[in-house]
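Visitor: Before we look, I would like to learn how to read the features of a model like this one. Please take them in turn.

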Amino acid sequence: MRKIYGVPGGEVLELDYPAVADYLTGFLRRELAWRGYEKGLVAVSGGVDSATTLALAVRALGPENVHALALPHAESDPRSLADARRVAEAFGVELEVVDITAMVEGYAALRPDITPHRKGNVKARARMIVLFDLSVAYHALPLGTGNKTERLFGYFTWHGDDAPPVNPLGDLYKTQVWGLAEELGVPEEVRKKPPTADLIPGQTDEDDLGIAYVRADVILEHYLKGYPDRYIEALGYRPEEIRRVKELVNRTHYKRHLPTVAVVSTTAIHEFYLRPLDFRIELE
Amino acid sequence: MVRHAVLQLAPEKGQVKKNLARLEAALAELAEDAPEVVVLPEAFPTGYFLQGGVRELALAVEALGERLDAIRRRVWEGPLDLVIGFYEKDEREGAYYNAAAYFELGGRGLLHLHRKVFLPTYGVFDEERYLSRGHAVRAFDTRFGRAAILICEDFWHSITSTLAALDGAEVIYVPSASPARGFFGPRPANVERWRELAKSVAAEHGLYVVLASLVGSEAGKGMSGGSLVASPEGRILAEAPVFEEAALVVDLDFDRIPPVRYDNPMLADLKSGLPLLFNDLKRVVEAL
């Protein structure tokens, strides 16, 4: 007797990356088009997320329509700038370097009590200022690079690296960005290096978060879909890892929203008065 | 043979005049193909995700019919049947519906108005917050045969197409708007699901399914397209690409329905068997 064994069902994190690449390419074209932009602007850190956004932007808009910026600080790891150059070269885009040291240190000098953590946030917000200023100068839309894992963990500087109005990667877990990056030809050195925000010398994401992305992403997907802890444990995840993931998600919901407004009427924006961001009526 | 055209178009959010002008241009382009029935997606005049903006942009069906007939007079010779999904306002009731109308333009005018019964209000969808439900699924006669309209999630419940088939429908028009999700294969999972559904409904009842699916990017939600026409045997006669505007032009041969149904008499069997099950159907519905 021929026996045929079925494959157990389950949540799937592995995506069809050629299809995702095509979809996100179209997404960037369409989202820029209705906003009246032909050009995009990407801050390239030397990491895999911004390299992937740059690759998608080049596919969507052509290299001549993509501005790549490197925004180093004197404390940044020099390998970050070297990798940013490698990425820009790989995708045929000129890299403009704007050193943010003077901006950041100008403020830091006013606040001798500043901590490495606070200064890291100032760096991220200084980069946001440059990105938005050059967006006007070049009439190029800032493109976001934050992935779903860091967004869920709140592992970003609020109103800093989450600020760009269009983000092709925000619904992809970090491990999925790795898959997409490979599909798009992001250099291996960039894909394989340990992820780091490079805001504080020596930091890595996985040290800061206390969990590896390959484990966090599976836990996140099941947690978001409502699976109970015991189910996730049965997949081979430790209770303390699950707890850590839930802790990071639950202390950062505010970072994924606009600021809290006191509701006093029945026309409160986003509470009663609800319109999608692309909503526009034709005026007579 | 009744020539159908499915217009898989990407409306601009909230731009009703511009979108109707786009329809006019598309009809002008189709004139050489001389379709007799043109089918448009769900919420075509406005785009799909409007939230509370439904109240600002919903159209009365009579006014929509007049605007469509004005378009027809400019670009079309003779009558034209047109199926269009739109947000409808019923001014007397002060109610808003996700609706689709069948107009015989240049003839009898409005032949049928279907108000969506199954309003998705889960996940990315929030229809019931802004819209009232329709309460009916009915087939109706056109100058070509007997038809029914189901809108998007209506069609995901097999009971609606069963009702339409029992009511005599030979073709089901399905305006839809389906945001892409689930990129596990070359085409999004929702598109694959639509394709399977359309084929199985068409084959189960021996009728044509004409799916007109919206495209365009709506604030990050990529409306997926993949419009199609399925034959009474469940074969795909024409299929549009995903995410791009396209027009399908297909001849529907209603004379094929009786022989196909004779070979695969599922509908006749249903008519015989359903009365046997009616008491159980009544029992489970009454227990809800």
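Visitor: Which residue of chain A forms a salt bridge with Glu12(B)?
Guide: A salt bridge is a side-chain nitrogen of Lys or Arg within 4 Å of a carboxyl oxygen of Asp or Glu. Here Glu12(B) pairs with Arg280(A), with 3.8 Å between the closest N and O atoms. The rule finds three salt bridges across the interface of chain A and chain B. The side of chain A that touches chain B has 12 nonpolar, no polar and 10 charged residues; Ala, Val, Leu, Ile, Met, Phe, Trp, Tyr, Cys and Pro count as nonpolar, Asp, Glu, Lys and Arg as charged, and the others, Gly among them, as polar.

Visitor: On what basis are such values given?
Guide: This is a predicted model, where local features need pLDDT of at least 70 and side-chain atom pairs count only at pLDDT 80 or more, while totals for chains, interfaces and linings use all residues. Side-chain values use heavy atoms, without hydrogens and water, residues are numbered from 1 along each chain as its sequence is written, and chains are lettered from A and ligands numbered from 1 in the order in which they are written.

Visitor: How many residues does each chain bring to the contact?
Guide: Contact means heavy atoms within 4.5 Å. Chain A brings 22 residues and chain B 29 residues.

Visitor: What is the area buried between chain A and chain B?
Guide: Buried area is the accessible area (1.4 Å probe) that two parts lose on being put together, summed over both. Between chain A and chain B about 2,200 Å² is buried, and carbon and sulfur atoms give 52% of that area.
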